[in-house]
Amino acid sequence: MPNILVNDRLPTITTEARAAEWDIYHKFPARQCFDPSVLINVQGPESQTFSYAVRQATRYRATLHLGTVFTESHETTFGLRPVGEEKRIFAQGPIDRGPEYVAALVFYSLPRYFQRGGFHGRDPVEDNGWKDRFGGVIGVGLQHPTKRFVTGFSFEVAAGVNVLGVWDWAQDNTLRGVKEGDLFTGEVEEIPVQKEWRQKFVLGVSMDLVYAATALKR
């Protein structure tokens, strides 16, 4: 996440040695610069000098989001329901569409990677064109990071608030060798289950943590 030397201009400077104003303008091209500040030294006639720290903006290629996706893929558990003197297997759920919480890395400004001159990153407060708002997403579930993965696209609809359209891969429990409604004479923990990956395109929302932190500093 580099600092970028943004376009700035040197101020009007009055020197004691010469009662005149130096009105100096210089446009700096966007380039990577990893120093916390850039000090410009200017030398004029009669050995007159002054220094000026050029403004830099921190720009980002990707930032961390916390979000929610709305999916039907949840971790299913199975139980035993008494029917008379027998016990039958049933799914305890959940089975309906509902929220699953994710941590995601959102890559800013996907269309700008193809522009001439390269992409130097986004200032999340100042750069707000549609190309800046459109990004890519990869993430994991907060509850079970190794059992849920998301990848897809995002679009910033408000300051730091994104709508997500992602493919949701989630690992779930399924019955092995038996099915719901079957008689079962063992205990609940003996119900044979296996892991199965399920994939579906889902929608969600997320909050950009870096945007929030940057906005508070302005």
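1. The model is predicted: local features need pLDDT of at least 70, side-chain atom pairs count only at pLDDT 80 or more, and totals for chains, interfaces and linings use all residues. Residues are numbered from 1 along each chain as its sequence is written, and side-chain values use heavy atoms, with hydrogens and water left out.

2. The secondary structure consists of 2 helices and 14 strands. These elements are DSSP runs numbered from the N terminus (helices H or I, at least four residues; strands E, at least two). Of the 218 residues, 39% are buried, where buried means under 20% relative accessible area, exposed over 50% and partly exposed in between (1.4 Å probe, protein chains only).

3. A barrel is closed by 6 strands in the order 7-10-11-12-13-14, with antiparallel pairing. From one strand to the next the twist averages 35°; axes here are lines fitted to C-alpha atoms, for helices over the stretch in contact, and angles run from 0 to 180 degrees between N-to-C directions. Strand 7 (residues 62–71) and strand 10 pair over 10 antiparallel bridges, two strands being paired if DSSP finds at least two bridges between them. G67 has V102 in strand 10 as its bridge partner.

4. The largest nonpolar core has 9 residues: V69, V102, A104, V106, V137, V150, L164, V166 and V202. Such a core is a set of buried Ala, Val, Leu, Ile, Met, Phe, Trp, Tyr and Cys residues joined through side-chain atoms within 4.5 Å. Strand 10 and strand 13 (161–175) each supply at least two residues of this core, and the largest share, 3 residues, comes from strand 10. A second, separate core of 6 residues includes F78, L80, I89 and F184.

5. S109 lies in the loop between strand 10 (98–107) and helix 1 (130–133). S109 is buried because its relative accessible area is 0%. The phi of S109 is near 55°, a positive value in a residue other than glycine. Most residues other than glycine have a negative phi.

6. F134 belongs to strand 11 (residues 134–141) and counts as partly exposed because its relative accessibility is 28%. Apart from neighbours within four places in sequence, F134 is in contact (heavy atoms within 4.5 Å) with Y108, S109, L110, P111, F153, S154 and F155. The C-alpha atoms of F134 and S109 are 5.4 Å apart, although 25 residues separate the two along the chain.
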